[in-house]
Amino acid sequence: MLTALPLSTIPAADEALRPAIRAFLAEHVPGIPPEIRARSWMGFDAGFSRALAAKGWLGLTFPKEYGGAGLGPFARYVLVEELLAAGAPVSAHWIADRQSGPLILRFGTEAQRRFHLPRICRGESFFCIGMSEPDTGSDLASVSTRAVREEGGWRLNGAKIWTTNAHHSHYMIALVRSSGTAQDRHKGLSQFIIDLSLPGVTISPIRDLAGDAHFSEVVFRDVLLPEDALIGEEGGGWAQVNAELAFERSGPERVLSSVVLLDAWIGWLRAEGAADAQSTALLGRLLGHLAVLRAMSVAVTDRLVRGESPVVEAALVKDLGTEFEQAIPALLEDRLGADPAREPPAALLRTLAYTSAMAPSYSLRGGTREILRGMIARGMGLR
Amino acid sequence: MDAVVTDDLLAQSAAELFARHATPAAVRAILGGGPAGVLWSAVEEAGFADALVPEEAGGAGLGPADALPVLLAAGRAAAPLPLGGTMLARAALARAGMAVPSGAIALAEALPGEALRGRVAAHGAAEWVLLPRPGGARLLPVAEAERDDASPYGTVLRWASAGNAPTLPEADWMAAGAWATLAAMAGAMERILEETVRYATERRQFGRAIAAFQAVQQQISVMTEDVFAARIAAQLASLPGEGGTGVAGLDTARIAAAKARIGEAASRVAGIAHAVHGAMGITAEVDLHLWTGLLHRGRLRFGAESHWNAWLGAEFLRGAEAQSLAFVRARLAPPLAENRPAEETTP
């Protein structure tokens with residue numbers, strides 16, 4: 001059984017960051033149309049990421065000696081919340097700031113830290129994560145991309161797929177097999193930092209159903225990796241991949257993916273006086289859900305800050321959060337079609353179309369709904 | 001004393017009391033129309049009903065957030081008592097400098113019209129009913145009420161006249177009653193989850209526990225999510241609002257969000273619990289219906305989802321906020337901890 005989460009609040013010192021962030025966003029984001037802002041953390045704009053870097057807001061949680069701001073997870077929570085609420089294009093630096101940087105900080109050598117972290121903080125190094133393969137999805141331990149040790153380094157062969165931003169990134173941190181066979185499952189997996197400019201790396205963007213090319217297939221043919229491409233322990237890849245999952249599953253990005261659509265709809269309700277009784281009640285319902293989810297997300301973050309690893313609670317936040325994110329476009333399709341004699345603004349409809357189309361990905365990325373529910377069941381002692 | 005420790009001690013003593021006195025058999029007897037006096041006396045003796053009464057007036061001086069564990073425990077036992085209502089009514093009486101009569105006080109949902117009519121539930125132990133009226137809530141004796149109508153959701157009581165009944169200043173008693181109701185519902189849901197997990201690991205089909213089947217696991221996971229959300233919602237609803245103008249400082253916006261969220265959770269949780277229990281859960285013998293019944297009745301009392309969702313949506317639109325998240329931060333989040341040092345957040 002799980003125990004109840006105590007309510008928590010974001011410390012005042014971290015909240016103090018919010019006004020400056022909001023002022024910056026008010027200046028840089030309103031010109032972007034809502035259907036573009038609806039891309040949320042999938043919106044790519046390297047220039048915007050560098051502007052954030054210039055404010056010192058990339059690598060907020062990295063130590064100062066590596067170019068970071070030396071702040072805690074709640075400072076980043078505030079930043080991310082405001083970025084996503086505004087629909088700022090954060091995708092360029094997102095993975096480096098959220099996953100790759102913290103991974104390098106935790107498991108990297110001093111040389112790896114000194115090389116990569118300052119570049120991430122300056123918005124010069126963008127990262128992607130190589131997990132899925134053509135035959136490996138939820139069953140991540142079945143990866144077959146293989147790094148074979150040889151004189152002076154490693155020889156890499158295989159392929160990764162659905163890799164977000166691979167074609168925009170400088171580096172990939174990939175989970176690959178460095179010993180044993182697929183039957184060895186979690187054993188024999190390692191993580192490598194792969195310079196994507198190396199010979200033998202072929203990146204083919206895959207067009208998504210919204211017309212974007214946010215993910216790619218990346219093929220490795222006899223790519224020669226230097227000795228120091230290995231990050232962390234050889235054979236320790238599985239544990240390393242799992243170490244950060246609670247952070248990745250309980251943050252604002254698991255609740256706010258459809259918030260640009262929600263706020264665009266609210267804007268229309270206000271401007272047009274379009275709020276009939278059903279729309280008003282739906283608005284209230286969505287606000288209530290958002291309030292509860294945010295309280296859960298903040299409470300889980302507080303546990304993480306205290307050094308606990310609330311993996312099951314985080315899975316719970318992600319599953320509920322993505323359900324909320326998916327409910328918004330589903331419910332608004334009904335609302336915006338409730339009165340056939342009324343044509344909602346085209347920008348709102350474009351925002352709805354994009355969000356409706358991409359919403360299924362919310363419960364795929366970062367662990368599918370079924371996998372998460374399996375984790376919760378294990379937490380409840382059912383398996 | 002440390003707040004968390006107080007919380008735990010109170011939760012523990014409440015859990016022990018209800019485990020001893022509100023056994024499923026005792027609850028069934030009361031629901032069947034039997035006397036609730038013994039159970040109520042135990043609650044009264046423990047001081048729970050005076051939890052929100054200021055210390056200078058002889059109470060424990062707790063806030064709703066401190067008293068929440070008691071109501072959760074009562075909900076876990078499905079205790080059919082007007083405990084939350086009594087807590088709130090006594091606090092309001094004491095704060096208004098009025099005499100607090102002995103005996104339980106049931107909160108009524110006022111029915112409009114000239115007549116003094118209101119709907120009450122689980123009022124078996126109540127000697128008094130607090131009936132909100134234009135101009136203030138009236139404290140009316142149950143003994144002088146006539147029964148108009150009754151259903152599992154409540155009994156409609158009517159008084160010929162208010163006589164010289166004490167009148168409390170006007171306050172949002174609808175929200176107060178919703179808080180008492182949602183707290184019991186959140187507690188009941190935690191119990192349902194435990195019972196369902198236990199049943200799923202004991203009941204065997206196809207040669208193994210039904211908990212071993214993914215289809216069952218996934219349903220119980222969904223239920224777990226709702227139960228967790230309900231618990232957090234109840235905690236949020238127990239926090240004071242900005243002005244602190246509600247009964248015992250309660251805040252209508254937080255309660256609106258929580259009552260609606262918990263009502264939504266309740267119907268899913270009850271449905272899954274029954275699905276997992278199979279035909280056994282439909283029998284009178286199995287206790288599950290004590291808790292699922294509380295959920296169904298609770299949804300309807302003091303405003304169901306439709307009522308509170310509409311209220312909250314209208315409240316948002318009355319203001320000028322453009323962003324949903326900004327509204328949630330301003331109105332529906334725990335108050336900021338001004339004095340917590342930032343160093344605590346550094347890992």
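Reader: Which exposed residues lie on the face of α4(A) turned away from its buried side?
Author: Helices are DSSP runs (H or I, at least four residues) and strands likewise (E, at least two), numbered from the N terminus. Burial is a count of other C-beta atoms, placed from the backbone, within 10 Å: buried at 20 or more, exposed at 12 or fewer, partly exposed in between. On the face of α4(A) away from its buried side, the exposed residues are Gly47(A) and Ala54(A).

Reader: What pLDDT do local features need in this model?
Author: Residues are numbered from 1 along each chain as its sequence is written, and chains are lettered from A and ligands numbered from 1 in the order written. This is a predicted model: totals for chains, interfaces and linings use all residues, side-chain atom pairs count only at pLDDT 80 or more, and local features need a pLDDT of at least 70.

Reader: Why are the buried residues of α4(A) on the same side?
Author: Helix α4(A) spans residues 46-54, and Phe48(A), Ser49(A) and Leu52(A) are buried in it. They sit on the same side of α4(A) because the arc they cover around the axis, taken from the directions to the C-beta atoms, is only 100 degrees.

Reader: What do those buried residues pack against?
Author: Contact here means C-beta atoms, placed from the backbone, within 7 Å. The partners are in chain A. They are α2 (18-28) and α6 (91-107).

Reader: Which residue with a positive phi follows α4(A)?
Author: Its phi is near 85 degrees. The residue is Gly56(A).

Reader: Which domains of chain A does the assignment give, and how many residues of domain 1 touch domain 3?
Author: Bounds come from an automatic or database assignment. It gives domain 1 (12-125), domain 2 (129-236) and domain 3 (244-379). The centres of domains 1 and 3 of chain A, over C-alpha atoms, are 22 Å apart. Domain 3 of chain A brings 19 residues to the contact, and the number from domain 1 of chain A is 19.

Reader: Which helix gives the most to the side of domain 1 of chain A that touches domain 3 of chain A?
Author: Elements giving two or more residues to this side are α3 (34-37), α5 and α6 of chain A. The top contribution is seven residues, and it comes from α5(A).

Reader: How many residues does chain A bring to its contact with chain B, and which element gives the most?
Author: Chain A brings 53 residues and chain B brings 51. On chain A's side, the elements with two or more residues include α5 (73-86), α10 (259-272), α11 (277-305) and α12 (311-336). The most, 17 residues, comes from α11(A).

Reader: How many residues on chain A's side of that contact are nonpolar?
Author: Nonpolar means Ala, Val, Leu, Ile, Met, Phe, Trp, Tyr, Cys or Pro; charged means Asp, Glu, Lys or Arg; the others, Gly among them, are polar. This side has eleven charged and ten polar residues. The nonpolar number is 32.

Reader: Is Ala275(A) buried, exposed or partly exposed?
Author: Ala275(A) is in the loop between α10 and α11 of chain A. Beyond four places in sequence, Ala275(A) touches Leu269(A), Thr280(A) and, in chain B, Leu317(B). Because 19 C-beta neighbours fall inside 10 Å, Ala275(A) counts as partly exposed.

Reader: Which helix gives the largest share of the side of domain 1 of chain B that touches domain 2 of chain B?
Author: Chain B has domain 1 (3-168) and domain 2 (173-332). Their contact takes 28 residues from domain 1 of chain B and 30 from domain 2 of chain B. Helices α2 (24-31), α4 (64-76) and α5 (83-95) of chain B each supply at least two residues of the domain 1 side. The largest share, nine residues, is from α4(B).

Reader: Is Ala137(B) buried or exposed?
Author: Ala137(B) is in strand β5 (residues 137-141) of chain B. Its contacts beyond four places in sequence include Leu168(B) and Trp173(B). Because it has 27 C-beta neighbours inside 10 Å, Ala137(B) counts as buried.

Key:
Two residues are in contact if their C-beta atoms, placed from the backbone, lie within 7 Å.
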